[in-house]
Amino acid sequence: MCSGCIRSKYGLEEALQVTKVLAEDCRSRGTAFRLGAVLRDVLEQFLPDDAHIRSNGRVRVAVTQILWRPRGLLVDQFDSREDLIDAVITSSFIPGYLAPRPATLFRNRLCVDGGLTLFMPPTSAAQTVRVCAFPAGRLGLEDIGISPDCNPENRASAGELFSWALEPAADSVLDNLYELGYMDAAVWAALNPVEDVVQEEEPMVRS
């Protein structure tokens, strides 16, 4: 969702405000079995008409096709704004949580959350900086660049983070999590100078 918002036209602050709109709706009216509908309403309200064009080749989401056997699918081309929204919702479709049904239909395929098969989707980049909102070390996740492990002091517990993932926290907590995430990225950036991360292409040799 965040990458879709940012690639569309929003910065990090705007993405935070969009998240607060979604969180307020869920806090006041409930989350379970209706989060998918709320998420769709928010995306339809905030994403520009050309969001799919801006996102093509730049936003990649993973979904899990469940028939006839579960397999992960990567999606980075979108036919329309609605197709982009469908992809974002499908990529986070936790069975029985986003809606009172076990799966959702995406491009005529029954699908669920892509994390079931592709928790960290591969990319086509020469080097990828992976980001995780949860303490990667405690979860046994490898090759994570930015996570709460970057700045472990005075952090919420893994249990609190998981509970907020299911039921949104107060806006003040969301603000704090946003600031902590920024600090995590800053710590990582200080340890990984951009010239060491971004690799320039080899110069073209002319005959």
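A residue is called buried when its relative accessible area is under 20%, exposed when this area is over 50%, and partly exposed in between, using a 1.4 Å probe and protein chains only. By that rule, 37% of the 207 residues of the protein chain are buried. The model is a predicted one, in which local features need pLDDT of at least 70 and side-chain atom pairs count only at pLDDT 80 or more, while totals for chains, interfaces and linings use all residues. Residues are numbered from 1 along each chain as its sequence is written, and side-chain values use heavy atoms, with hydrogens and water left out.

Along the sequence they follow the pattern α-α-α-α-β-β-α-β-β-α-α-α-α. Among contacts (heavy atoms within 4.5 Å) with a separation of 6 or more, 58% are between residues 24 or more positions apart. The accessible surface of the protein chain is about 12600 Å², and carbon and sulfur atoms contribute 54% of this area, as found by the Shrake-Rupley method with a 1.4 Å probe.

Next comes a pair of strands. Strand E1 (residues 61–65) and strand E2 (residues 71–75) run antiparallel and are joined by 5 bridges; pairing requires that DSSP finds at least two bridges between two strands. Alanine 62 has leucine 74 in E2 as its bridge partner.

With a relative accessibility of 81%, tryptophan 68 is exposed.

Finally, the structure contains 1 aromatic pair. The ring centres of phenylalanine 134 and phenylalanine 162 are 4.3 Å apart and their planes lie at 15°, so the pair is stacked. Rings of Phe, Tyr and Trp (its six-membered ring) pair with centres within 6.5 Å, and planes under 30 degrees apart count as stacked, over 60 as edge-to-face and the rest as tilted. The pair links distant parts of the chain, 28 residues apart: phenylalanine 134 lies in the loop between strand E4 (109–113) and helix H6 (136–139), and phenylalanine 162 in helix H7 (residues 158–166). Phenylalanine 134 is buried at 18% relative accessible area, whereas phenylalanine 162 is partly exposed at 39%.

Methods:
Helices (H or I, at least four residues) and strands (E, at least two) are DSSP runs, numbered from the N terminus.
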